Amino acid sequence: LIAAFFNQRMFRYDALAEHASAAELERIISTSRGDLFLLGLLLSLLLYVPLVNLMVPVLSALAFTHFSLARLAQLRAAG
């Protein structure tokens, strides 16, 4: 649970820092908090799989970047 919490806190900011404004960042975080934590939880479970756990940091960064940028695109398309 701690790994899921820290992963989603770190990667959500890293993925959106250069692409989203402060208002967009806050809105995405507030509306997707549960989804981001669930993504972090699922990726942290991969830490228990031998050999796959070596790739989890890269996979986590890619997954959070893809998820966050998709949410940013949806937000911009909606409004």
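Visitor: Is Asp-35 buried, partly exposed or exposed?
Guide: Asp-35 is partly exposed, with a relative accessible area of 35%. Buried means under 20%, exposed over 50%, and partly exposed in between (1.4 Å probe, protein chains only). This is a predicted model: local features need pLDDT of at least 70, side-chain atom pairs count only at pLDDT 80 or more, and totals for chains, interfaces and linings use all residues. Residues are numbered from 1 along each chain as its sequence is written, and side-chain values use heavy atoms, with hydrogens and water left out.

Visitor: What do the side chains of Asp-35 and Arg-71 meet in?
Guide: A salt bridge, at 2.9 Å, N to O. That term needs a side-chain nitrogen of Lys or Arg within 4 Å of a carboxyl oxygen of Asp or Glu.

Visitor: Which helices do Arg-71 and Asp-35 lie in?
Guide: Arg-71 lies in helix H4 and Asp-35 in helix H3 (residues 33-45), so the pair ties together parts 36 residues apart in sequence. Helices are DSSP runs (H or I, at least four residues), numbered from the N terminus.

Visitor: How many salt bridges does the count come to?
Guide: Two. Glu-24 and Arg-76 also meet in one, at 3.0 Å, N to O.

Visitor: Is Glu-24 buried or exposed?
Guide: Buried, at 18% relative accessibility. Arg-76 is partly exposed, at 46%.

Visitor: New topic. At what angle do H1 and H4 pack?
Guide: About 55 degrees, with their axes 8 Å apart. Axes are lines fitted to C-alpha atoms, for helices over the stretch in contact (heavy atoms within 4.5 Å). Angles run from 0 to 180 degrees between N-to-C directions.

Technical notes: Helix = DSSP H or I, 4+ residues; strand = E, 2+ residues; numbered from the N terminus.
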